[in-house]
Amino acid sequence: MAPRDTAEPRSVGAVKPQTLHFSEPLKFKSGAVLDQYDLVYETYGSLNAAKSNAVLVCHALNAAHHVAGYYADAPDNVGWWDNMIGPGKPLDTEKFFVVGVNNVGGCFGSTGPKSTNSATGRPYGSSFPVVTVEDWVNAQARLADRLGIESFAAVMGGSLGAMQALQWTISYPDRIRNSVVVAAAPKLSAQNIAFNEVARQAITTDPDFHGGDYYGHGVVPRRGLRLARMIGHITYLSDDAMMEKFGRALRSDSIKFHFDVDFEIESYLRYQGDKFSEYFDANTYLLITRALDYFDPAAAHGDDLSKAFATAKARFLVVSFTSDWRFAPPRSREIVKALLDNRRDVSYAEIDAPHGHDAFLLDDARYHALVRAYFGGVFASL
Amino acid sequence: MTGHEQGALSERSDFQAIAAWVKPDSTVLDLGCGDGVLLRYLRQTRNARGYGIDIDDANVLACVKNGVNVIQSDLERGLAGFDAGSFDCVILSQTLQAVRRTEEIVLDMLRVGREAIVSFPNFGRWDLRLQLALGGRMPVSRELPYQWYNTPNVHLFTIADFESFCAGHGIRVLERIILHHGRRVTTLVNIFGSLAVYRIQKSR
């Protein structure tokens with residue numbers, strides 16, 4: 001296989017994940033305590049002498065620290081936001097020091113349910129505490145401490161990642177100068193939670209789930225995870241995008257009067273589900289969907305989102321996509337309204353893109369031009 | 001929308017008039033803000049904290065490039081997301097002639113802003129009158145550079161029309177400046193003025 005360097009000149013190239021061990025306990029919002037933990041992260045570009053050019057990129061549900069570039073021994077394993085981040089890309093690694101981190105509770109190397117609990121010698125499994133966006137942000141702040149980053153030039157994310165970018169401005173107002181919030185919501189709607197609940201039920205009712213302690217049984221609740229992913233995937237795409245991509249196309253010449261795959265969309269969802277169930281941990285899926293459900297910065301302020309941002313100091317770029325029905329543009333406008341109420345610097349763009357929620361991951365010229373322009377301003381003010 | 005696309009700061013003779021009326025350190029909402037140069041000018045000259053509203057993708061991008069806060073939104077959908085009296089000043093600079101829901105937008109401006117500044121091209125200027133009356137053709141001028149078939153301007157009106165509108169809608173005119181090619185016009189303004197700038201307020 002040809003190296004990515006030649007195929008994609010604007011790639012950060014081959015990257016290596018790194019691990020830091022943290023021995024000071026991390027207290028969760030629930031009151032639970034993680035005595036010690038590892039965080040796996042990647043960095044691209046270089047930290048300047050003033051240590052002022054660091055940008056944290058937060059992941060959403062099914063991604064992790066591998067944000068950009070590829071692995072030398074797995075050149076096809078390209079970072080999940082590689083179209084956004086790299087030399088000369090909208091978030092330019094020739095200007096910024098970019099950090100991607102797998103959150104606590106994850107399943108890609110940072111301490112999570114499938115990690116061994118040193119106290120018991122067995123995987124945490126069902127005993128891993130329920131983690132919140134606030135907890136993740138606290139862990140990320142500790143990573144920043146260790147990397148010598150006093151304040152981030154920007155924290156950026158899409159979807160659940162955007163919630164972390166928002167939470168940073170509330171939890172650490174003096175440690176974030178810009179918050180780039182893409183395809184976000186200030187909290188989940190009942191419908192959003194309902195979809196998450198169906199996904200969780202698919203996992204927890206799988207006979208291979210074993211109450212979350214399936215590791216010892218040599219099985220994983222693959223069927224449940226597969227279903228969860230299929231449900232999730234439907235919510236990431238717009239009706240139009242799905243129709244455009246698959247329509248009612250059949251796998252064969254005609255319908256077969258059976259319940260196996262007839263339509264291309266069925267085949268696609270099954271493929272996505274199968275693929276996902278092979279690499280993702282079911283307990284992590286439960287944790288992350290719960291973190292989504294619980295995210296609600298206004299809750300501590302009498303449901304007044306404006307009050308939640310009263311202490312925020314960052315500048316904001318908020319971006320939504322017209323066809324995103326999971327976190328539709330009005331959800332972003334709620335955030336913008338709250339920021340306006342506090343007279344925060346905020347720009348808001350509503351990108352007319354057909355792809356649904358997943359648009360935040362795609363290479364749309366207007367969207368990328370906007371992010372590029374915004375980071376141009378961030379760089380100018382370093 | 002239309003106004004701010006038409007060129008550099010020097011060509012926008014209403015900017016200085018607007019800046020003179022914006023109090024230092026005030027909060028400003030600029031409707032149809034274009035590329036954001038007015039807001040940038042108000043920040044530089046008046047230390048105003050401003051936000052622009054524009055629907056056009058290219059304008060939103062230009063504002064971000066200019067380091068100006070911009071909210072992508074359709075003016076025609078009104079200012080429903082903005083609380084009453086939440087801004088010191090709401091500006092509509094050379095855009096009123098290009099909106100469809102003229103009446104609603106002016107009244108909404110006066111709800112959201114403690115006062116408002118409106119500037120518009122005067123369709124009553126003598127040369128425009130002559131183009132139509134004697135030439136029999138729809139007028140074209142520096143302020144109104146479009147042909148009838150490609151103009152974004154859907155509501156053309158005169159200084160007299162605007163003042164009559166204000167009187168009929170309980171709107172108080174606090175100040176006005178009438179300009180032609182950047183120079184102030186003080187006599188027979190509806191005949192000699194090409195650009196009108198008004199500072200208005202809801203009558204109490």
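A salt bridge here is a side-chain nitrogen of Lys or Arg within 4 Å of a carboxyl oxygen of Asp or Glu. By that rule, there are three salt bridges between chain A and chain B. Before you click, some housekeeping: this is a predicted model, where local features need pLDDT of at least 70, side-chain atom pairs count only at pLDDT 80 or more, and totals for chains, interfaces and linings use all residues. Residues are numbered from 1 along each chain as its sequence is written, chains are lettered from A in the order in which they are written, and side-chain values use heavy atoms, with hydrogens and water left out.

**Stop one: where the chains meet**

Select A:Asp345 and B:Arg49. They form a salt bridge, with the closest N and O atoms 3.2 Å apart. Now widen the selection to the whole contact (heavy atoms within 4.5 Å): 19 residues of chain A and 20 residues of chain B take part. Together the two chains bury about 1,600 Å², with 51% of it on carbon and sulfur atoms; buried area is the accessible area (1.4 Å probe) that two parts lose on being put together, summed over both. Colour A:Leu340, A:Arg343 and A:Tyr348 next: they supply 33% of the area that chain A buries against chain B, more than any other three residues.

Across the interface, 13 residue pairs are in polar contact, both residues being at pLDDT 80 or more. On the chain A side, α10 (329-341), β16 (346-351) and α11 (365-380) each supply at least two of the touching residues. Helices (H or I, at least four residues) and strands (E, at least two) are DSSP runs, numbered from the N terminus.

**Stop two: the largest pocket**

Select A:Asn62, A:Ala63, A:Trp80, A:Tyr279 and A:Leu361. Of the 37 residues lining the largest pocket, these lie nearest its centre. Its volume is about 1,000 Å³. On a 1 Å grid over the protein atoms alone, a pocket is an open set of points with protein on both sides within 12 Å along at least five of seven lines, a cavity is a set where a 1.4 Å probe fits but cannot get out, and lining residues have an atom within 4 Å of a point. Which helix gives the most to this lining? Show α7(A), which contributes five residues.

**Stop three: the second largest pocket**

Move to A:Arg333, B:Ser73, B:Ala80, B:Gly81 and B:Phe82, which lie nearest the centre of the second largest pocket, among 15 lining residues. About 270 Å³ of space lies in this pocket. The elements giving two or more residues to its lining are α10 of chain A and β3 (70-72) of chain B. With four residues, α10(A) has the largest share.

**Last stop: a cavity**

The count is one cavity of 30 Å³ or more, and the largest cavity holds about 60 Å³ of space. To find it, select lining residues including A:Leu61, A:Phe195, A:Tyr236 and A:Arg326. Then show α4 (190-204) and α5 (222-236) of chain A, which each supply at least two lining residues. The largest share, five residues, comes from α5(A).

How values were computed:
Grid points are joined across faces, edges and corners, and a volume is the space filled by probe spheres set on the points. A polar contact is a pair of N or O atoms within 3.5 Å; within protein, one must be able to donate a hydrogen and the other to accept it, and residues adjacent in sequence count only if both atoms are side-chain atoms.
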